[in-house]
Amino acid sequence: MSQARPRIIGLPYDASSSFLRGAAAAPPVIRAALHSPAGNSWTEELRDLGDLGALTDAGDLVLPPSGEARGLIEAGVGLLLRDGARPIALGGDHSVTYPVVRAIHQVHGPVSILHVDAHPDLYEEFEGDRYSHACPFARIMEEGLASRLVQVGIRAMNGHQRAQADRYGVEVIDMRAWERGGRPTIESGATYLSIDLDGIDPAHAPGVSHREPGGLTVRDVIGLVQGVGGMVVGADVVELNPSQDVSGLTAHVAAKLVKELAARMLVT
């Protein structure tokens, strides 16, 4: 087993959000759910993340509500990678994925990305902003940071984003395809997982800014995490908006996903 270990890093940034802000408050809320006495530190694969060094935490970056945050995120994640860690980034809005993947690329080259979301986030620009949380995967693909981008759970695509997906060769498994049995196949190489919590049906994860009915179950997403192939070199869990969360339910979903992401990183 590789000596690399998963390490949490909080990215409290939501200045690139549209519609509602609030995701910047998510990292400490996810941590509180992760360490809640309501649960325990064991994963479904019977790995105890409470063991010394199994899952460490780099704390939160201090990020301004401006474009300067992108460089700080890239540098902060880069430090973790140079230390041999595999980052699990707690967003923040989905715009943080772009600088995280830039840092990953410097170490691992182009990666395969498994992206769970209701939205493709492939806009060329959104409301005049090329770095909006609606655009990170356009930036990632145009810079050649990913060898493959596989999107699962999509159910809010428009014509422009469909054209963008075709332009960049994105493999889209929308919810209609999922219902017909479509599943991602990433079997080897460096792999990055990006999980937008609105990819999950709001019946299961209501604490997001952009609720889109008709999505994946929590169990579906856990299965994707546990079943993805390759070497998982990094991941993010983004778009929790605590101000919209009912009884902290979505925070606990996020914490569950963090645990299973960490367990998956400990496999290879």
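Q: Why are helix 7 and helix 8 called roughly parallel to each other?
A: In this predicted model, where local features need pLDDT of at least 70, side-chain atom pairs count only at pLDDT 80 or more, and totals for chains, interfaces and linings use all residues, the axes of helix 7 (residues 218-227) and helix 8 (residues 249-265) cross at roughly 20 degrees and come within 9 Å. Angles under 35 degrees count as roughly parallel, over 145 as roughly antiparallel, 65 to 115 as roughly perpendicular and the rest as oblique, so helix 7 and helix 8 are roughly parallel. The axes are lines fitted to C-alpha atoms over the stretch in contact, with angles running from 0 to 180 degrees between N-to-C directions, and the helices are DSSP runs (H or I, at least four residues) numbered from the N terminus, as strands are (E, at least two).

Q: Which residues make the contact of helix 7 with helix 8?
A: With contact meaning heavy atoms within 4.5 Å, the helix 7 side includes Val 218, Val 221 and Ile 222, while Val 253, Leu 257 and Arg 264 are among those of helix 8.

Q: Why is Pro 64 called partly exposed?
A: Pro 64 lies in the loop between strand 2 (56-60) and helix 2 (68-82), and its relative accessible area of 22% therefore places it in the partly exposed class. Leaving aside neighbours within four places in sequence, Pro 64 is in contact with Tyr 13, Ala 69 and Leu 72.

Q: What makes the span of helix 8 close to the one expected?
A: The expected span is 1.5 Å times one less than the number of residues, and helix 8, with 17 residues, reaches 25 Å from its first C-alpha to its last, against 24 Å expected. Residues are numbered from 1 along each chain as its sequence is written, and side-chain values use heavy atoms, with hydrogens and water left out.

Conventions. Buried means under 20% relative accessible area, exposed over 50%, partly exposed in between (1.4 Å probe, protein chains only).
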